[in-house]
Amino acid sequence: MIIKFLIIIKLFIQTTPFNNILIEFQFSNITLKIDGTGTKNVLNEGFANRPDEVYINGYIQDNIEYNYEFNQQNNSIRLIWSNSIDDCTQMFYGCSDITEIDLSDFDTSQVTTMESMFKDCSSLTSLDLSNFNTSQVTEILSMFESCSSLKSLDLSNFDTSQVVSMINIFKGCSSLTLLNLSNLNNLQVTNMGSMFYKCSSLTLLNLSNFITSQVTDMN
């Protein structure tokens, strides 16, 4: 499996016969925006994989925290990991002030669970997950629960062949009008309880590809 990473090579030219070459591996980086001032959550404290570097409005932070004090509107935050991540449980859970998340350079090829990853991100209006590799993921329950401002979601690239539970995944997505599940594989899924509960703006839903032979709960 090819692990996507960014290699930055810095050359320091010296007068000696040899050059020092520093190779820095960046497995993942995420850029997000937070609106407003005061203390805001950047990551949920239940998320165990703290980034190796954090930049806020272009300035590197001395301490890696889950929340920061912001003194201006439309703050830009960059999170950098130098190691692969295998668990995204509660990554942004409850981070209700995040307005944008750029995940195009986030490597998920080793991730096995995305439980509650974006739960209660109530200020997010869009989310591009087209770069996600979910081939190892077994849990996506409550992944988007209560993302109440999210208007559209395209999961057509998701590989859910290993997923066993989809409980509450879209629960409370009350602004969702477009949901693409055209390639979702639910052959192993046993629980779909409250999957679309309170998706009050959804007018069209194509589940023609769903296989529910293993499902025991559609409450």
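Ser28 is buried in this predicted model. Its relative accessible area is 1%, so the residue falls under the 20% limit for burial. Ser28 belongs to strand 3, which spans residues 28–34. The side chain of Ser28 reaches the backbone nitrogen of Asp107, at 2.9 Å. Contacts beyond four places in sequence involve Leu79, Ile80 and Trp81. They also involve Asp105, Phe106 and Asp107.

Two salt bridges are present in the structure. One joins Lys40 and Asp97. Lys40 lies in strand 4 (residues 38–41), and Asp97 lies in the loop between strand 8 and strand 9. The bridge therefore ties together parts that are 57 residues apart in sequence. The two partners are described by their accessibility as follows. Lys40 is buried, with a relative accessible area of 13%. Asp97 is partly exposed, at 24%.

Lys119 and Glu145 form a salt bridge through their side chains. The N to O distance is 3.8 Å, so this pair also meets the 4 Å criterion. Lys119 lies in the loop between strand 9 and strand 10 (152–154), and Glu145 lies in the loop between strand 9 and strand 10 as well. The pair thus ties together parts that are 26 residues apart in sequence. Lys119 is buried, with a relative accessible area of 17%. Glu145 is buried too, with a value of 8%. Both values are under 20%, so both partners count as buried.

Gln90 has a positive phi of about 55°, although Gln90 is not a glycine. Gln90 is located in the loop between strand 8 (75–81) and strand 9 (98–102). Gln90 is partly exposed, with a relative accessible area of 25%. This value lies between the 20% and 50% limits, so Gln90 counts as neither buried nor exposed. Ser194 likewise has a positive phi, near 55°, and is a residue other than glycine. Ser194 is placed in the segment after strand 11 (178–180).

Notes: Residues numbered from 1 in each chain as written. Predicted model: local features only at pLDDT ≥ 70, side-chain atom pairs only at ≥ 80, totals over all residues. Heavy atoms only, no water. Helix = DSSP H or I, 4+ residues; strand = E, 2+ residues; numbered from the N terminus. Buried < 20%, exposed > 50% of the residue type's maximum accessible area, 1.4 Å probe, protein only. Polar contact = N/O pair within 3.5 Å; in protein donor to acceptor, adjacent residues only side chain to side chain. Contact = heavy atoms within 4.5 Å.
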